[in-house]
Every structure is written in structure tokens, then in C-alpha cells.
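Subject: Structure for you to look at

Dear colleague,

Here is the structure I said I would pass on. My notes follow below it.

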Amino acid sequence: MAMLSNLDLIRRVPLFSMLTGEQAQGIAEGVVKRRFRRGEVMVEQGTRSNALFILLTGRARVVTADQRGREVILAVLHPGDYLGEMSLIDGEPHSATVRAEVQTDALVLGRAEFAHCLPEQTSLSYAIMRGLTARLRAADRQIESLALLDVYGRVARALLDMSEDGGDFKWIRSKVSRQDLAKVVGASREMVSRVMKDLEVRGFIETQADGSVLLKETLANR
């Protein structure tokens, strides 16, 4: 009866609506039901849980926080919504914390069972999934920056995101357009130019003759 009950539950979840009967049965055998108390953390930013959570009842809040504990709400999840899929797809830690706003029931599907529903890792569709996950992570970081960082912090983070390792330093190979950078961080071109100049004066960055930019280690710790 327990297996049939789980099967009935997952067939009501839009995420599983396209599954074949065999796939649905496999998930029903591997899924477990869990109840979260109000305020309880379902997944925590920076950690890995190795599970997919599908909300059956209740409500959950997706938040990201800076080092000082200031939070920004990225989304509010309702029954039928799911979380934890990004970490399962790319193996990276969770980019945000999800906390139950009220008592919330969820189906929990482990990594192995989730993997059975994914396309082959060598397929184009899997590559597209990983690409979309990377874009979602970048979007989360952008929202966090705009909400929690001042212009100096947003410019510094944008430069670090654009950079690559150069051994003892980080650098941006191509010329950094002040106009494009201003659009990324949500500030005026004039303000971004002032910030870049100040970062150079203070020794955080060094613009080369060809327009490339060297980033000093201290920029990441600013």
C-alpha cells in the first residue's frame, strides 16, 4: 500500500507528468515522504544534500545571504514546486537556502533515483541542462549582488566572475568595457569608471596597455 500511495502522490506532481509507467514506478519505490516544521531548513546554501525535494503541502522560501547575515528572497515555493535539482545536476553546493515558511510536507528523491530519470551524460540534452543550471547559478549571484552589495562590491564581484586563473594572479584577457560593466552591475557608466579608477589607485586591479585587467588577490578579500 505504501508504494501505491507514493505512486499516486507522484502522479499528481507536474514534474513527473511526462514519466513512463516504468519510470514512475521506479521513483515511487525510491521516494520517501518527509515533514518539515515551520522555520526548518530544507537545504542550506553552500552545502550538498544529494536529494530532490518536491513540495506536497505548505510553503517554502528561497533565500541567499551575505557574510553579515543579510538575506534576499529569491523565490517562494508552493505545492508542486521542487528544489535541490541544480546541485544534483552539476554536483555543486546549493546556491541558496530553502526554509519552510509553514509546516511543509515534501517527497524526497535520492541522487541515484533522480539519475535514472536523466538523459545520458554524453547527450546534448544533458549538456543543455548543465548549461541552464550554470545560468541559473549566475542569475542567483547577480540578484544577490544587486540586493546586498554596494556598487564597489558589485563591480568587484563582476570582475572576479569575468576573470580566469593566471597562476599567481587572476586576469581578464579582453578589454573591460565600462558601459557593459555598468549594465551588469546596475549602475551608471560614470560611477563604474570612478570605481574602477579607485580600485586601480588602491592597488586592487591593474589595467594593461592592451586593455586586459590583472586582479590582485586582495580584491577577493575586499
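Is Glu164 exposed, partly exposed or buried? Glu164 counts as partly exposed, at a relative accessibility of 32%. Please keep in mind that this is a predicted model.

Salt bridges

The structure contains 10 salt bridges. In one of them, Glu164 pairs through its side chain with Arg173, with 2.8 Å from N to O. Arg173 is exposed, with 52% relative accessibility.

Another salt bridge links the side chains of Asp165 and Lys170, at 2.9 Å from N to O. Here Asp165 is exposed at 61% relative accessibility, while Lys170 is partly exposed at 32%. There is also a network: Arg34, Arg37 and Glu40 are joined by salt bridges that share partners.

A further pair is Arg61 with Glu101, whose side chains form a salt bridge of 2.6 Å, N to O. Glu101 is buried, its relative accessible area being 17%. Arg61 has a relative accessible area of 32% and is partly exposed.

Strand S3 and its partners

Strand S3 covers residues 51-57 and is mostly covered, with 6 of its 7 residues buried. S3 pairs with S8 over 6 bridges, in the antiparallel sense. Within that pairing, Ala51 is found opposite Gly110 of S8. S3 is also joined to strand S6 (residues 82-83) by 2 bridges, and these two strands run antiparallel as well. Phe53 is the residue opposite Leu83 of S6.

The sheet of S9, S10, S12 and S11

An open sheet is built from 4 strands in the order S9-S10-S12-S11, with antiparallel pairing. Its edge strands are strand S9 (164-165) and strand S11 (205-207), each of which pairs on one side only. Between strand S10 (residues 170-172) and strand S12 (residues 213-215), which run antiparallel, there are 3 bridges. Ile172 stands opposite Val213 of S12. Helix H6 packs on this sheet and touches S9, S10, S11 and S12; the direction of H6 makes about 90° with that of S10.

Glu164, which pairs with Arg173, falls in edge strand S9 (164-165).

Helices H6 and H8

H6 (residues 151-162) also meets helix H8 (residues 189-201): their axes come within 10 Å and cross at roughly 75°. This makes the two helices roughly perpendicular. From H6, the residues in contact are Val151, Tyr152, Val155 and Leu159. From H8, they are Met191, Val192, Val195, Met196, Asp198 and Leu199. By class, the residues of this contact comprise 9 nonpolar, no polar and 1 charged. H6 therefore has two sets of contacts in these notes, with the sheet and with H8, to which H6 is roughly perpendicular.

Regards

Note on methods:
Residues numbered from 1 in each chain as written. Predicted model: local features only at pLDDT ≥ 70, side-chain atom pairs only at ≥ 80, totals over all residues. Heavy atoms only, no water. Salt bridge = Lys/Arg side-chain N within 4 Å of Asp/Glu carboxyl O. Buried < 20%, exposed > 50% of the residue type's maximum accessible area, 1.4 Å probe, protein only. Pairing = 2+ DSSP bridges. Axes fitted to C-alpha atoms, helices over the stretch in contact; angles between N-to-C directions. Parallel < 35°, antiparallel > 145°, perpendicular 65-115°, else oblique. Contact = heavy atoms within 4.5 Å. Nonpolar A, V, L, I, M, F, W, Y, C, P; charged D, E, K, R; others polar.
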